[in-house]
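Please keep the structure in view throughout.

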Amino acid sequence: MYLDNAATSYPKPEKVYEAVIHAMRDVGASPGRGGYRRSLEAGRILFQAREAAASFFSISDSARIIFTLNATGALNLALQGTLVAGDHVVTTSMEHNSLLRPLYALRNKGVELSIVPAGPDGVVSVEDIRRAVRVNTRMIAVSHVSNVCGAIQPIRQLAELCREAGALFLVDAAQSAGYLPIDVERFAIDLLAVPGHKGLLGPGGTGLLYVAPHVPLKPVIQGGTGSHSTAEEQPLVMPDSFEAGTHNLPGIAGLQAGIEFLRERGLSSVFQHEHKLLNQADRALRDIPGVTIYGPEDSSARCSVLSFTASGVDSALLAAELDHGFDIAVRAGLHCAPLAHRTLGTLPGGTVRVSPGWSTTSEEIAFFSDAVVQCIGKIRTSA
Ligand SMILES: Cc1ncc(COP(=O)(O)O)c(C=O)c1O
C-alpha cells in the first residue's frame with residue numbers, strides 16, 4: 001500500500017499512462033524542432049499542456065508557464081533568475097531544502113536572508129514576517145503547505161504584505177498544487193513553483209514555474225530553443241528561452257492528462273476524499289498511547305500530509321516495520337526540511353509521514369492504523 005503521495009503520487013490515473021505512451025510511441029518527435037507533422041503534433045501537445053496548466057491555476061496567458069523537471073527546478077529558476085547581491089529575502093523555518101539550499105547558495109553571493117521561525121504548530125505569523133521586512137526586501141518566499149506537518153500558510157495575507165512592501169511573492173506549491181485551489185492572479189502570486197508529479201498526478205520529471213508578467217526573470221540555463229538560432233545570447237522569449245534543450249514531452253503529455261483527471265473529478269472532491277482519509281488516520285493514531293501528531297490541532301488547517309511520532313519508537317524503524325511486515329510505504333525521517341523539524345521539536349529522529357492519494361481507500365487507512373498499533377507494540381516489546 002502506497003502512502004507517500006507527498007513524495008510523488010502513485011498510482012497515476014490510467015489516462016496519464018496512456019498519454020505518456022501515446023507521446024512516446026505515436027508521436028515520438030521533439031516540439032518546435034522541425035516542420036514535419038510529428039514535430040507539429042508534439043508542439044500541439046506541449047501547447048495544450050501549457051493551456052491546461054494555465055487554466056488550472058487561473059493564469060490568463062499560458063506563455064507565462066515554464067516547464068521544469070520538478071518543483072526544485074522551478075524554485076531554483078525563480079530564485080536565481082530574479083535575485084542579485086544586495087537583495088534581501090524573507091523566508092520561513094518551514095521550508096524544504098529545495099528552497100533553502102538555493103537561498104543559502106545565493107547568500108554566499110551577497111543576497112541577504114532572513115529566516116522567520118514558525119510557531120510550534122508549523123504556521124508562520126504574518127506579523128513576524130512583516131517585522132523581518134527591510135527596505136531592500138526583494139522577495140518573500142514561502143511554501144503554501146508544509147511537507148513535514150501539512151500546515152497551511154496564510155498566503156493571501158502574505159501576498160498583501162508583499163504588495164505593501166514592493167516585494168516579489170514566491171510560493172512553493174509542492175504540497176498544495178492539486179490539493180487546494182490556487183488562483184495566481186487573484187492571490188497576487190508573482191512566482192509559483194509547482195511539481196507536476198505530486199498532486200497534479202503527472203509523471204516524474206515534470207514541474208512548472210509561473211512567472212507574472214511584471215517579473216524580470218533571467219534564464220539560468222543557456223541552449224537551443226528552436227528559434228532565434230543566430231543569436232549568441234539566450235533570446236528573451238517566454239517561455240522558450242527558459243526551456244532550452246529537448247522537452248520531456250511524454251512527461252508533459254502525462255501531466256496534462258493528470259490535470260484533466262483532476263478537472264473531471266473536481267479538485268475539491270479529490271481533496272475532500274484525501275482529507276477524510278487523513279482525518280480517519282488522525283483519529284486512529286491519536287488513540288494509540290504515546291503518539292504525537294504534529295502541525296495545527298485543527299485538521300482543517302492541515303493539508304495533504306500527516307506526521308507523527310510514537311514515544312520510545314524510532315521513526316525509521318517503525319516505517320521499516322510497516323514496509324517489511326505489512327507492505328505499507330510511508331516516509332520516515334527529516335523530510336528534507338531540517339529547520340521545520342527544529343520548529344516542531346522532532347529533531348533528530350524526524351517523524352513518520354503519511355500521505356494518502358486519490359485512489360487510497362478508507363479500508364486501507366484502517367489497515368494502516370492497525371498495522372501501526374502492531375508495529376509499535378512489537379518495537380516497544382523488543383526494546
Ligand atoms: C515543500 C516542498 N518543496 C519542494 C519540494 C521539491 O519537489 P520536487 O521533488 O518536485 O523537486 C518538495 C518535495 O517533496 C516539497 O515537499
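**Pockets, cavities and a sheet**

Q: How much space lies in the largest pocket?

A: Rolling a probe the size of a water molecule over the atoms shows where empty space is left. On a 1 Å grid over the protein atoms alone, a cavity is a set of points where a 1.4 Å probe fits but cannot get out, whereas a pocket is an open set with protein on both sides within 12 Å along at least five of seven lines; lining residues have an atom within 4 Å of a point. Grid points are joined across faces, edges and corners, and a volume is the space filled by probe spheres set on the points. Here, the largest pocket holds about 400 Å³. This is a predicted model, in which local features need pLDDT of at least 70 and side-chain atom pairs count only at pLDDT 80 or more, while totals for chains, interfaces and linings use all residues. Residues are numbered from 1 along each chain as its sequence is written, and side-chain values use heavy atoms, without hydrogens and water.

Q: Which residues line the largest pocket closest to its centre?

A: Of its 19 lining residues, Phe67, Thr68, Leu69, Ile221 and Phe242 are the closest to the centre. Helices (H or I, at least four residues) and strands (E, at least two) are DSSP runs, numbered from the N terminus. The largest share of this lining, three residues, belongs to α3.

Q: How many cavities of 30 Å³ or more does a search of the whole structure find?

A: The search finds two. The largest has a volume of about 60 Å³, and among its 13 lining residues Tyr179, Gly199, Leu201, Glu274 and Trp358 are the closest to its centre.

Q: Why does the largest cavity lie between the two domains?

A: Domain bounds come from an automatic or database domain assignment. Domain 1 (14–265) and domain 2 (267–382) both contribute residues to the lining, so the largest cavity lies between them.

Q: Which helix gives the largest share of the lining of the second largest cavity?

A: That cavity holds about 50 Å³, and helix α8 (residues 267–286) supplies four of its lining residues, the largest share. The lining includes His275, Asp282 and Arg302.

Q: Which strands does α8 lie across?

A: Contact means heavy atoms within 4.5 Å. Axes are lines fitted to C-alpha atoms, for helices over the stretch in contact, and angles run from 0 to 180 degrees between N-to-C directions. Helix α8 lies across β8, β9 and β11 (351–354), at about 15 degrees to β9.
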